[in-house]
Amino acid sequence: MSLRLFAARSAPPVCSAALLLALASGAMAASSEAQGGFEEYFQQGQALYQRHELEQAARAFETALQLQPTSEEAAEWLVRVREEQAYAQLSRTLPPSDGVAPTTAVEPWRDTRSARVKLDDQLSAAQQQLEDAQSRLTDSQSQQALKDDELARLQQAMTEDQRALAQLTQDHEALQRERQQATDELRRAQEAK
């Protein structure tokens, strides 16, 4: 390589341009080969996943990611494979709780991404329902507070009415006593005449 660098530095400008053109076409070919290799490993990983050969599928997706590190799709597939491996490992270590075989216990979780999306949707709906319920509770509490205030006002008015009634009863009894006394005095006065 140092010999090529020396030759490139000492060569006339026409040779340098030819050398640059050769290097550029080689880089493009390497890039094209890398893309083709990525697709090959990516598709191989998907096929292995479909056959439930998870370890080989993980290696294929890892190789695809080495060839194209920015591929989100390959990264998502690798995560999916790793999650399924974890579920499979978990189902092998836990005894069946309801007689379901460990491999079939994992089947509902094969597509963890769609399960996550579904759970996220359910969580969002539940959060919205919670917010609605809290809003209704706040409204209900406000209405209850108004009713409680009205009830307290009515109880206070009833207490005042009971006091007034008690006072009227006392006044009535006092008037009856006075009337009885006046009647008694009048009768005594008539008898004394």
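Before looking at how two helices pack, I noted that axes are lines fitted to C-alpha atoms, for helices over the stretch in contact, and that angles run from 0 to 180 degrees between N-to-C directions. The model I have open is predicted, and I kept that in mind for every entry below.

**Entry 1: the chain as a whole**

I began with the secondary structure and found 6 helices and 0 strands in the chain, which reads along the sequence as α-α-α-α-α-α. I then looked up burial, and buried residues make up 14% of the 193 residues. For contacts in the chain with a separation of 6 or more, I noted that residues 24 or more positions apart account for 52%.

**Entry 2: confidence**

I checked how far the model can be read, and the mean pLDDT of the chain is 78, with 70% of its residues reaching 70 or more. Confidence is lowest in helix H1, residues 2–10, at a mean of 43, and highest in H3, at 94. Over residues 1–30 the pLDDT is below 50, and beyond near neighbours in sequence this stretch has 3 contacts in the model.

**Entry 3: H3 against H4**

I looked up how helix H3, residues 54–67, packs with helix H4, residues 72–93, and found an angle of about 155° with the axes 9 Å apart. Angles over 145 degrees count as roughly antiparallel, and H3 and H4 are therefore roughly antiparallel to each other. The crossing in which H3 passes H4 is left-handed.

I then listed the residues on both sides of this contact. From H3 I wrote down Leu54, Glu55, Ala57, Ala58, Phe61, Glu62 and Leu65, which meet Ala74, Ala75, Trp77, Leu78, Val81, Arg82, Glu84 and Gln85 in H4. Sorted by kind, the residues of the contact of H3 with H4 divide into 10 nonpolar, 1 polar and 4 charged.

**Entry 4: Ala60**

Is Ala60 buried or exposed? I looked up this residue, which lies in helix H3, and its relative accessible area is 4%; a residue counts as buried under 20%, so Ala60 is buried.

Which residues does Ala60 touch, not counting residues up to four places away in sequence? I found Tyr41, Gln44, Gly45 and Leu48. I also noted the pair Ala60 and Glu40, which are 20 residues apart in sequence and 8.9 Å apart in space, taken C-alpha to C-alpha.

Definitions and conventions. Residues are numbered from 1 along each chain as its sequence is written. This is a predicted model: local features need pLDDT of at least 70, side-chain atom pairs count only at pLDDT 80 or more; totals for chains, interfaces and linings use all residues. Side-chain values use heavy atoms; hydrogens and water are left out. Helices (H or I, at least four residues) and strands (E, at least two) are DSSP runs, numbered from the N terminus. Angles under 35 degrees count as roughly parallel, over 145 as roughly antiparallel, 65 to 115 as roughly perpendicular and the rest as oblique. A crossing is left-handed if the near helix is turned anticlockwise from the far one by less than a right angle, and right-handed if clockwise. Contact means heavy atoms within 4.5 Å. Ala, Val, Leu, Ile, Met, Phe, Trp, Tyr, Cys and Pro count as nonpolar, Asp, Glu, Lys and Arg as charged, and the others, Gly among them, as polar. Buried means under 20% relative accessible area, exposed over 50%, partly exposed in between (1.4 Å probe, protein chains only). pLDDT is the predictor's confidence in each residue, from 0 to 100.
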